[in-house]
There are 2 protein chains.
Amino acid sequence: MHKSFLRVISPAEARSLLRRFGALGKEEVALESVLFRVACDPVKGLEDAPNFHRSTMDGFAVRSVDTFGATESSPALFKVVGEVAMGEIDSTRLKSGQAIRIWTGGALPVNGDAVVMVEHTQELDGTTIEILKGVAPYENVVRKGEDYKAGQTLIEAGHRFRPQDLGLLAAMGRSTIDVRKRPAVAIMSSGDEIVPVDQVPPPGCVRDVNRHTLTAAVLEAHGTPVWLGIAPDHLRSLSNLIDEGLKSADMVVISGGSSMGSRDLVIEAIEAYEDSEILLHGVALSPGKPLILARVGRHPVVGLPGHPVSAMVCFDQFVVPLMRRLEGEDVELPFLKATFPAILSRNVPSREGRMDFVRVRLQRKGGEVLAVPVPGKSGMVSSMVRAHGHIRIEEDCEGLYRGDRVTVHLFSAWIEEELEKEYLSGHEASARGSDNFSAASEQEKLSSI
Amino acid sequence: MHKSFLRVISPAEARSLLRRFGALGKEEVALESVLFRVACDPVKGLEDAPNFHRSTMDGFAVRSVDTFGATESSPALFKVVGEVAMGEIDSTRLKSGQAIRIWTGGALPVNGDAVVMVEHTQELDGTTIEILKGVAPYENVVRKGEDYKAGQTLIEAGHRFRPQDLGLLAAMGRSTIDVRKRPAVAIMSSGDEIVPVDQVPPPGCVRDVNRHTLTAAVLEAHGTPVWLGIAPDHLRSLSNLIDEGLKSADMVVISGGSSMGSRDLVIEAIEAYEDSEILLHGVALSPGKPLILARVGRHPVVGLPGHPVSAMVCFDQFVVPLMRRLEGEDVELPFLKATFPAILSRNVPSREGRMDFVRVRLQRKGGEVLAVPVPGKSGMVSSMVRAHGHIRIEEDCEGLYRGDRVTVHLFSAWIEEELEKEYLSGHEASARGSDNFSAASEQEKLSSI
């Protein structure tokens, strides 16, 4: 049973293999369902927006030139000749010294070119006002076409729609739009020792953790999870589930399918397909080394390590980018995570030539936020639960020192309130160019453990 | 119609008012539905995990003492006395010089205390191996209870569940869990000039942008949006919709309900309720000043400015924190956003005493990433579409200089590939203490525009 070591490639080389996979087809969805989907085509302006000069204030529309020089001590007298009804274009032509009442969002009268805020006026009687501050041309006005112009590209193909992008589509009257199909990701757990959550594991067995972490991770990455089941370590069972996955989904993810106990079975099952290819088997990543990436037809098949922590790291680094590619984004990278600046609490050695992900918990200590490495082997899901995020040690780095400033990539967009306050104040301080951390504490010589 | 200026309070003071609102009730949901929900109770370990000494490698279980001193040049000879079947506890008692084959996840035999990786062994014949590297006690083993112990608190009440937290619940056999009710947020747009998306707006009117941006923002913040409709500027219509919102949701959000044209109506409608209170009317925030926060019974009622950009900024800064509070998180802050370090491309003045949010687009220029302010009034949703995020200028700051380093709070967890690569390399460079940006370009005297 002596096995050769994995032929390990670098994370960058592994990423470049993701380029082998392209985008899924398109489908038309209603505006209400566009959030987080990816645009198939550029979105262009259909007409000028706004399509009239629009007031941004409540006040009085005027010809700006008439207000020139008006101040509190020398106000300009204006006659109010009417009120712009919301939803109507007023055909009034203002004469010199005339104003018309207008509300935020209202359309300026034909020859009005500015709006005086009501706060800068004094009402004398029902039809006369004093203007206490002159306005420049187009002050308090969004000009016709200032938002965007007809024909202008506003959203590129491949863009993932955010809430404001839906607002733009709404403004343009787009009630449906073509988006990439959402990737369906089939998930299975493999291993004779894995039992479902509702069973009490017999001695030597464990409940199926990866089914739940990976299903949730697919949802978080805006995909559709498809649960295949638990495959025992037999070729036939594994092949049957892979088969089902290829039929029912766009990608197949096998957790526990890359460790030595079952990886030969996974590779054998994949190679049995006519148009298949093992692209990668082993990547210089810790945790997560024994990753398998393969292609069957146009579908990616990924074998993740069985350890929950390794499986999650590999999922984030490789499956999320694959999902993004299938959904039409031309990227090889996971989603950005919120980050948090911190001071490392102890030395962390790392092996050169390997990218290390170190789980850390954030802790306040005095005025500083410390990143404290969370002990725990990659089989221990509790170490991911205790951690706020991880720091990454690059391949060309032998380790980090206690006192080093580190960037913590957070697992989620929320952390404890106290830390968040620190984060907000810290970030803004750095935005002003100051340094929100005291000098790094005494550096110790990095000792290899 | 002369009105007094708003009595504006600081953002910090406004935030502290959010403490007036408490958490919703609880409900029991299945493990599959726990993602992004908030725990009502602490989650504690039910039993030791793992509940046996578990191998983290494929190889051979041994008594570590027997391997002492083994090296490649002086290997130790071991007799293989069997194989641990996955899912079973082996009752073999190892004698000196005996090993038993084991797989990742397997249970160690009674008196085994370490595992030798298969890569560090040489098979001589079917029952004899050489061990080429000694192992320490518990090397390549997760000890019983090392993950967590029975009774230990693993997740605090008020924690929002991430994918790994579901993994932990799965490991513990928890198939249901009590979570806070998900906040239902009723949304209406107000204003005579607002028409639905499927209508062609008559002159002076605009399509309803905020319905769509705010509905999406509620979804993004893990709430349930409830659409009430468009209220014309009449007290009765507004009151009827607020009434419906209070009955069908936990919070009511009125966009366009805080500008001068309609705010009196909103305030009048709110004050008509017996147990009601206007908590805030005006906050030193730009865009977003004319915000209304009120309480009707235990429900928050929020009047957002009608301009799409102002509405989104206020939503993020005040509605998201309210949703988090209703869901049982003890916070006053929005979710963390991914941030991106950049160099400001031009001077940005700001009024002291006001918190400014400045939309920016990220652009590569040489080896730097520039944050370029996106022009556009707060009525222009396209300026939010063009922007990658915003920078925040604090109340005590008069502005930022061209060349200043700024922290861009991104609107979403994805941006263009090229920028992401820059981001990743930049972040890791800073993790090693170096400076990934060249010296700030020549600083110009800040001129007030």
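Two strands pair if DSSP finds at least two bridges between them; strands (E, at least two residues) and helices (H or I, at least four) are DSSP runs numbered from the N terminus. This is a predicted model, where local features need pLDDT of at least 70, side-chain atom pairs count only at pLDDT 80 or more, and totals for chains, interfaces and linings use all residues. Residues are numbered from 1 along each chain as its sequence is written, chains are lettered from A and ligands numbered from 1 in the order written, and side-chain values use heavy atoms, without hydrogens and water.

**Exercise 1. Describe how β5 and β6 of chain A are joined.**

Step 1: Find β5 (residues 76-83) and β6 (residues 98-102) in chain A; they run parallel, with three bridges between them.
Step 2: Pick out one bridge: A:Lys79 has A:Gln98 in β6(A) as its partner.

**Exercise 2. Work out which strands of the chain A sheet stand at the edges.**

Step 1: Write down the order of this open, six-stranded sheet, β7-β4-β6-β5-β9-β8, and note its mixed pairing.
Step 2: β7 (114-117) and β8 (121-125) of chain A each have a single partner strand, so one side of each lacks a neighbour in the sheet.

**Exercise 3. Describe the contact between chain B and chain A.**

Step 1: Count residues in contact (heavy atoms within 4.5 Å): chain B supplies 121 residues and chain A 122 residues.
Step 2: Look for salt bridges (a side-chain nitrogen of Lys or Arg within 4 Å of a carboxyl oxygen of Asp or Glu); between chain B and chain A there are zero.
Step 3: Find the top contributor on chain B's side: helix α8 (residues 417-431) gives the most, with nine residues.
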